[in-house]
Amino acid sequence: MGKSRTKRFKRPQFSPTGDCQAEAAAANGTEPEEDDGPAAELLEKLQHPSAEVRECACAGLARLVQQRPALPGLARRDAVRRLGPLLLDPSLAVRETAAGALRNLSACGGFEVCDDMVTKDIMTPLVVLLKECSTGLDSNEMSPQEKKDQNRNSIENIANEAVNVLWNICECSSRAVSIFNKEGCLEIVLKYLSRFSTNVDLAISVAYCLQTVTEDNPELLKSFSAPALHVLESAMLSPVNSMEYILLKTLVAGTIWNLKDIIPSKSQAEIINAILKILSEVLEMDAGEMVIQMKEAETQRIKTAAETEDTLQNVNGDDLVEDDEMEEIPHRRKVRRKTFISDLLPPTDRELRETVALLTAQQTALEIIVNMCCSEDPTDDEWEELSSSDESDAFMENSLSEGGGQLLSPLCLCHEVHTALTNCLIPKKIFEKTAFPNSIAVDVCSRNPSWKPLIRKMSTIQCRALVCLQSLVSLLDVDHLGGPAALQTLAQHLSQLLFSQPDFAKHVDFLEAISSALRALLQTVASKNIPQTIGCFLLEVATKDPSLVVAGEALDALFDVFADGKEAERASVQIKLLSALKEFQPVFKMKIRKEGRAKYSPDQLCVLDNVKMNLRRFVAYQETVEKRLTT
């Protein structure tokens, strides 16, 4: 078996600050009972002659669709077909809330709901809305009434909601992507992206959408002209360095990587280096320290605001209340928008917003690097297609910089990626991200409900870094990884991670990621005849640690690392794994029998029983391996 490979990352349906409200309700045991009553009433009000009533009904549906048990009832009552026309409602407020309701529906409903939305022709009014917003953003084409009402912000808000609907649906439906291609949506969203200097939120939504629709979409790639590429280049090279712009540049870098097949060879190395420079800068930042600093800044800001308010109350007395009441109506829509599903960046608290942006940028950067590594080794069909296609030579006479030229072959592209990865010190920075999250940052977040979801994001970054490390170990030469000594240090680091913090180690994603990284490292070490450290360390922990739980985790890791592959088989013989496990097997069974019920919970005993059974099977497997290798 060859080196370990990892599959490309695709975006799951998620909100970075938490999942849909329904999942939280389910976890708390407060799921609402299935009831079509609210749905029927709200859907009926969508036809009301009053724009304000229609707006309130859309806002109510935006909340309702976050409750998963309500989705079947909404589907039965054809909610999508009844909401769709309101995307083109005469009232801009109704358009915005209708788009918000559809955004939440597409985010919480998943693949089936999104596919059903396409079947019910939601793309038709959605594309019209996107085109009208694009026209409306041109101040020269705005009506006098629109200028009077200062509706530009409303139009941008509508566009942001609509782009998120488009993104969610295209993520889940190939038919939606096909419509995106045919309806010329690329030109529309690129116009939105070009406004990144004045509306970074809208630009980020577009960048997410573009990263989705440009993946494995050769038809769309043909539509990228020189001006289109220039828009991407401008956004990626923006000099602004706020966390939100860092996220934007990271997402655009991922989109440009998806366009690598249409970038001429003379610009290829330059573009790869530009992409990895951005990713390197993102990973250079200490997210744990950012969490701590931003939480302190938030605390100080709130304290200062409270002191200022107290001072004003002492000076103005009751007059301040009247001023607040006068401000209530203009801010009404902002309050209503808080009822929507959490935005990709939280709509309030700038410190939390900046921190989430950095964490999301780091996760995205790691996923892009994995995808870059997974684009290696084209199949025979791809080689044939590349060698026979004359489209690449005839493609546009432009690049992100200047001039045209033939495209780089996959072999040359691999070399460029390897060189750039090493030059940008990417392996070192990824190694640093594999450590557990900063304990002080975790503690800070755990004590504040709005910051608590960031703990999961920090843990996700660690898992992504481990998957990324697996890819690099499988891809790069030993010298590019720092040589044999660096690999042995890495083996010790990963082995220690596996047992150092049991609370984090309970997470399935973490265990899967670190096992894959260990397996890839084992294969590389064995293939280069480098002395083992991985297997010996795990074997020592399994046989000598006094805790049965720790021993069980070490055995599980051994099963994963030595599961298959010629390198794993040679390594198992090298460290005499079979004889050690056969000797330990009766000891392990006896300790479970003697210590089990006295020291461990029923759940732990269940896990240990599974480990005991897997140990018996693994010993039998190792016996066949050793027999085969010695005959």
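In the predicted model, the axes of helix 30 (residues 534-544) and helix 33 (residues 577-599) come within 11 Å and cross at roughly 10°, the axes being lines fitted to C-alpha atoms, for helices over the stretch in contact, with angles that run from 0 to 180 degrees between N-to-C directions. Helix 30 and helix 33 are therefore roughly parallel to each other, a description applied to angles under 35 degrees. L539, A542 and T543 of helix 30 and L577, A580, L581 and F584 of helix 33 make the contact, where contact means heavy atoms within 4.5 Å. By class, six nonpolar residues, one polar residue and no charged residues take part in the contact of helix 30 with helix 33; Ala, Val, Leu, Ile, Met, Phe, Trp, Tyr, Cys and Pro count as nonpolar, Asp, Glu, Lys and Arg as charged, and the others, Gly among them, as polar.

Because the model is predicted, local features need pLDDT of at least 70 and side-chain atom pairs count only at pLDDT 80 or more, whereas totals for chains, interfaces and linings use all residues. Residues are numbered from 1 along each chain as its sequence is written, and side-chain values use heavy atoms, with hydrogens and water left out.

The protein chain has 34 helices and zero strands, both being DSSP runs numbered from the N terminus (helices: H or I, at least four residues; strands: E, at least two). Of its 631 residues, 52% count as buried, that is, under 20% relative accessible area, with exposed meaning over 50% and partly exposed in between (1.4 Å probe, protein chains only). Among contacts between residues at least 6 apart in sequence, 79% join residues at least 24 apart.

Several buried positions were examined individually. R353 lies in helix 20 (residues 350-373) and, at 13% relative accessibility, counts as buried. The side chain of R353 is joined to that of D201 by a polar contact of 2.2 Å, and a polar contact of 2.2 Å also joins the side chains of R353 and E244; such a contact is a pair of N or O atoms within 3.5 Å, of which, within protein, one must be able to donate a hydrogen and the other to accept it, and residues adjacent in sequence count only if both atoms are side-chain atoms. S91, in the loop between helix 5 (79-83) and helix 6 (92-119), is buried at 18% relative accessibility, and its side chain reaches the backbone nitrogen of A93 at 3.3 Å.

E156 is placed in helix 9 (residues 152-172) and is buried at 7% relative accessibility. Residues up to four places away in sequence not being counted, E156 touches L137, R195, N199 and L202. L43, in helix 2 (residues 37-45), is buried at 0% relative accessibility; with the corresponding exclusion of residues up to four places away, L43 touches L61, L74, R77, A79 and R82. The C-alpha atoms of L43 and L61, 18 residues apart in sequence, are 8.0 Å apart in space.

D216, in the loop between helix 12 (200-213) and helix 13 (218-221), has a positive phi of about 55° and is exposed at 62% relative accessibility. K576, in the loop between helix 32 (566-574) and helix 33, has a positive phi of about 55° and is exposed at 60% relative accessibility.

Conventions
Parallel < 35°, antiparallel > 145°, perpendicular 65-115°, else oblique.
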